[in-house]
Amino acid sequence: MTNTAILAASALLVFAYLVDAVGKRFRLPSVVLLILTGMALRQVMDGVELHLRWVEPMVPIIGTLGLILIVLEGALDLEVTRERRQLIAMSSAAALGGFVAALAIFAALFRIALDFDLPVAVLAAIPCAVISSAVAIPSADGLSDDAREFVTYESSLSDIIGVLVFYAWLDADGSVFLFARDLVGGGVLSLVAATIAALALFYLVNKLEGHVRFLPLLAGLVLLYALGKEVHLSPLILVLGCGLLLNNPHLLERTTYLKKLHTEGYDQTLAEFKGLVAELTFAVKSFFFILLGYWTETSHMAVPGAWVLAAAIVVTIYASRYVVLALLRQPDKGRLVWIAPRGLITVLLFITAALTGKLDAFPFGTVMLVVLATSSLTALAHRGAGDTPQIAFPPDEPTRRHRRLRPPPTAKSPP
């Protein structure tokens, strides 16, 4: 049995790598392919009366680990500079505006279509309103630098906002006062905890020596995430803050003591850490989507009501997103409007909401239909990303990248 499990895990990982390679080569939705693989595997194993009972409890655990690693990997690729202030502000506004708009429409939809009470309708609407960074960030590879960073910031912030609002609403049990108190208080405490954790992680990265350095750091980060969840904070803020600080040590240059922590070998250490995070992210994410497909009951997806509700949700997602991007005057809105996938975070929040027993009347096949549809549309947008025309600048207005690469002016030679 042990050898069979090892063979199965190894084969699935190799298969996931091949799917990812094929997906990148032909710009196909690798997430959708992995989920469909899990569904097909379920049908085959059910046919031979072989059932994996451990999958259901493992899906939330692996999904949570994947969420932590995905947000960390995305944050480790972001640069925070004065030139990016407008980009960060726009992506933050898009994340918040898109979440609020979608949440309001979905809550009204579920209240009318499913006859939910308002608190239950809002609880069901929150997971659908969150953009999945697990799918969005990899899908932005073919976009321009600014658009890719916009997607990374927006999707990561959308995850954070969604988790913070979800647990505050879940604990408030319909009380607006308790919800506001937990949301504001939890947000402030999360920022404080993120600052302390980021400084501690930066110190350890510069000080730790030996062959084993990064796994204890990641284990500590997961531990802090779990502790944050226990006290009802938003630990994704902590993960995002740690990644941003590690990739932007110049933010500490104003403090003499912290500046001294920046050792000469830091850049090499950070590159090694990024490599490990990328490898682990790929492995965990691949296992999650395959197991998610296996865990999915395909009979739930065959319900006509699930298709109707999923269609309404998908249309709402892209219509509201287009309006938000247009109001923000996002220059790449024609491409970015399609990058609004629902995925890992949506599934995790729905699982948590379902445990309350309040969503028993919700057609759960809708969730997977929305995940598959939005992930596929995101992949189609990615597929044509290379054909996106670039904005032409006049000769006296070079792009920001050219400004960064331009050598400093030299002193004029004396006549």
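Start by selecting residues 30-47, which is helix H2, and residues 266-295, which is helix H12. Keep in mind that you are looking at a predicted model. How far apart are the axes of H2 and H12? They sit 6 Å apart, and the two helices pack at an angle of about 45 degrees. Angles under 35 degrees would count as roughly parallel, and 65 to 115 as roughly perpendicular; H2 and H12 are therefore oblique to each other. The crossing of this pair is right-handed.

Now show the side chains where the two meet. On the H2 side, pick out Val-31, Leu-34, Ile-35, Gly-38, Met-39, Leu-41, Arg-42 and Met-45. Their partners in H12 are Ser-286, Phe-289, Ile-290, Leu-292, Gly-293, Tyr-294 and Trp-295. Colour this contact by class and you'll get 11 nonpolar residues, three polar ones and one charged.

Stay with H12 for the next stop, the second largest pocket. Its volume is about 800 Å³. Select Asp-20, Lys-24, Pro-138, Asp-141 and Lys-285: of the 34 residues lining this pocket, these are the closest to its centre. Which helix gives the largest share of the lining? That's H12, with seven residues. Other helices that each supply at least two residues include H1 (2-26), H2, H3 (55-75) and H6 (133-139). H7 (145-172) and H17 (365-383) also each bring at least two.

H3 is our link to the next pair. Select it along with helix H16, residues 344-354. Their axes come within 10 Å and cross at roughly 140 degrees. Only angles over 145 count as roughly antiparallel, and H3 and H16 are therefore oblique to each other. H3 passes H16 in a left-handed crossing. To see the contact, show Val-59, Pro-60, Gly-63, Thr-64, Gly-66, Leu-67 and Ile-70 on H3, then Leu-344, Ile-345, Leu-348 and Ile-351 on H16. How many charged residues does this contact have? It has no charged residues, with eight nonpolar and three polar ones making it up.

Next, select helix H4 (85-113) and helix H14 (304-327). These two pack at an angle of about 145 degrees, with axes 9 Å apart. H4 passes H14 in a right-handed crossing. From H4, display Ala-94, Gly-97, Gly-98, Ala-101, Ala-102, Ile-105, Phe-106, Leu-109 and Phe-110. Facing them in H14 are Leu-309, Ala-312, Ile-313, Thr-316, Ile-317, Ser-320 and Val-324. By class, the H4 and H14 contact has 12 nonpolar and four polar residues, and no charged ones.

Rolling a probe the size of a water molecule over the atoms shows where empty space is left. How many cavities of 30 Å³ or more does the structure hold? It holds one. The largest cavity has a volume of about 120 Å³. Select Gly-98, Phe-99, Ile-131, Arg-321 and Arg-342, which lie nearest its centre among the 16 lining residues. H4, H7 and H14 each supply at least two residues of this lining.

Note on methods
Residues numbered from 1 in each chain as written. Predicted model: local features only at pLDDT ≥ 70, side-chain atom pairs only at ≥ 80, totals over all residues. Heavy atoms only, no water. Axes fitted to C-alpha atoms, helices over the stretch in contact; angles between N-to-C directions. Helix = DSSP H or I, 4+ residues; strand = E, 2+ residues; numbered from the N terminus. Left-handed = near helix turned anticlockwise from the far one by under 90°. Contact = heavy atoms within 4.5 Å. Nonpolar A, V, L, I, M, F, W, Y, C, P; charged D, E, K, R; others polar. 1 Å grid on protein atoms, 1.4 Å probe; cavity = no way out; pocket = protein on both sides within 12 Å on 5 of 7 lines; lining within 4 Å. Points joined across faces, edges and corners; volume = space filled by probe spheres on them.
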